[in-house]
Amino acid sequence: MRAQIEQVPLIDIKAVSRSFPKPTGKDVVVLADVDLTIKEGEIVGLLGRSGSGKSTLLRIIAGLMSPSSGRAEFRGQSISGPAVGISMVFQSFALFPWLTVLQNVELGLEAKGVERNERRKLALEAIDLIGLDGFENAYPRELSGGMRQRVGFARALVVHPDLLLMDEPFSALDVLTAETLRTDMIDLWIEGRLPIQSVLIVTHNIEEAVLMCDRILVFSSNPGRVARELKVDLPHPRNRLDPAFRQLVDSIYTLMTQRAETRSVELEGIPGTGMGMVLQPVSTNILSGLIEALAASPYHGKADLPVLAGVLQLEADELFHLGETLQLLRFAQLSEGDIVLTEAGKQFAHLETDERKRLFAEHLLTYVPAIGLIRRVLDERPNHKAPAERFRSELEDYMTASYAANTLSAIIAWGRYSELFAYDEQTEMFSLENPI
Ligand code: ADP
Ligand code: MG
């Protein structure tokens, strides 16, 4: 962390909540009672699962959206629109294809009324700093993804903002390109060459957060709130293999799986279970593969999540989706950063395909109320058919349209695999193959 210059926090978020109206009436609360301050000289990370409201919070800070309640202040002033002093780097590059690199970077200054020569000078400086020297006159289509994201950075930096907001800035890049750009950013920051005071970076990548941040806020989902704050005192350059680094990554996994446990245990009867159970459309092939891998050597039914993420080359978020799905279906349990197969999980690993399908079907009917409902409706109707819309609107009583769409995709994929029902994409109809 650099020396702190003044006491008034750069950003002060107090009890901010945000909800969105649903077509069916009731509001969905996306952020609940979020507190957050950002001081000068620090890189703060916001770490949370997809859909937890990270981008929403960032948009509020950027002045692109207002909170439903609570206060959001920048240097003691209420944020009421895009503020001079805050700029944002987006996940996708958001460049104008008909403008050159130089013109794209200058754009941020035009809005501020900076005079032409000064504009050019500042833009060239930013381009130089971010490693785009020689590409001033190239068009975005002539650049690789990594270079385009560098233009995105240059455009955000050219105005010398106090606060740089970054929303998953490396997640659209391949692993190596992301690592290079990340390391370049950290180096520039450490050398004090970035014309900014502070950074707020949103990510769902645990290692990225530990690599870059002075402080990490772990966000919980449904609704999003700050569940935990961690300081990262490791000196730069940080080494992913350093035991202290590993330990921090491990403890964050533990924190995030603890929340997954409480979610499934505590929420009996309220949204999150019953028809409100949110499902992720993870493939049954991958689920079976994971169960098999866990049952076999060297895990014999129990594995450390960070280790497993490394071995399987999965992002934490993907692994959580898989782990939570197995937990939901009672094939595994998440606990203290580990995943442990249940008896049913071990049994599944040793069955033949047809028997696996039967066991899967049994668990779906027992543990996923929406699947039980669909099967009952199909059994009862004389023609054994029902439109997806009938169930989609019911799901939307409990969750946002995008969650409902994901949940329905999962139901369709798992129902097909287990042969509980069939689904026709053209007519959007469920039907029974083997009515009872
Ligand atoms: P994250 O960035 O953590 O993945 P987001 O902030 O993008 O999460 O979204 C959180 C939730 O808020 C999601 O369920 C999303 O569907 C919902 N949401 C975000 N923006 C809107 C909006 N403008 N209208 C309705 N729902 C929204
Ligand atoms: Mg987001």
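Select S55 and ligand 1 in this predicted model: a polar side-chain atom of S55 lies 2.8 Å from an oxygen atom of the ligand. The protein covers 70% of the 560 Å² of accessible area that ligand 1 has on its own.

An N or O atom in the K54 side chain is 2.8 Å from an oxygen atom of ligand 1. Then show the backbone of G51, where an N or O atom lies 2.7 Å from a ligand oxygen atom.

Now widen the view to the whole shell. Ligand 1 is surrounded by 14 residues, and the closest are G51, G53, K54, S55 and T56. Coloured by class, this shell shows 3 nonpolar, 8 polar and 3 charged residues.

Turn to the helices that contribute to the shell. Select α1 (54–61) and α15 (401–417), each of which supplies at least two shell residues. The largest share, 4 residues, comes from α1. Colouring by domain then places the ligand: domain 1 (11–255) and domain 3 (353–431) both give residues to the shell, so ligand 1 lies between them.

Six strands form an open sheet of mixed pairing, in the order β6-β7-β8-β3-β9-β10. Its edge strands, β6 (86–89) and β10 (225–231), each pair on one side only. Neighbouring strands are turned by 20 degrees against each other on average, direction ignored.

Finally, select β7 (residues 163–167) and β8 (residues 198–203), which run parallel and are joined by 5 bridges. To inspect one residue pair here, pick L165, whose bridge partner in β8 is L200.

Notes
Residues numbered from 1 in each chain as written. Chains lettered and ligands numbered in written order. Predicted model: local features only at pLDDT ≥ 70, side-chain atom pairs only at ≥ 80, totals over all residues. Heavy atoms only, no water. Near = heavy atom within 4 Å. Polar contact = N/O pair within 3.5 Å; in protein donor to acceptor, adjacent residues only side chain to side chain. Areas by Shrake-Rupley, 256 points an atom, 1.4 Å probe, with all protein chains shown as cover. Nonpolar A, V, L, I, M, F, W, Y, C, P; charged D, E, K, R; others polar. Domains from an automatic or database assignment. Pairing = 2+ DSSP bridges. Axes fitted to C-alpha atoms, helices over the stretch in contact; angles between N-to-C directions.
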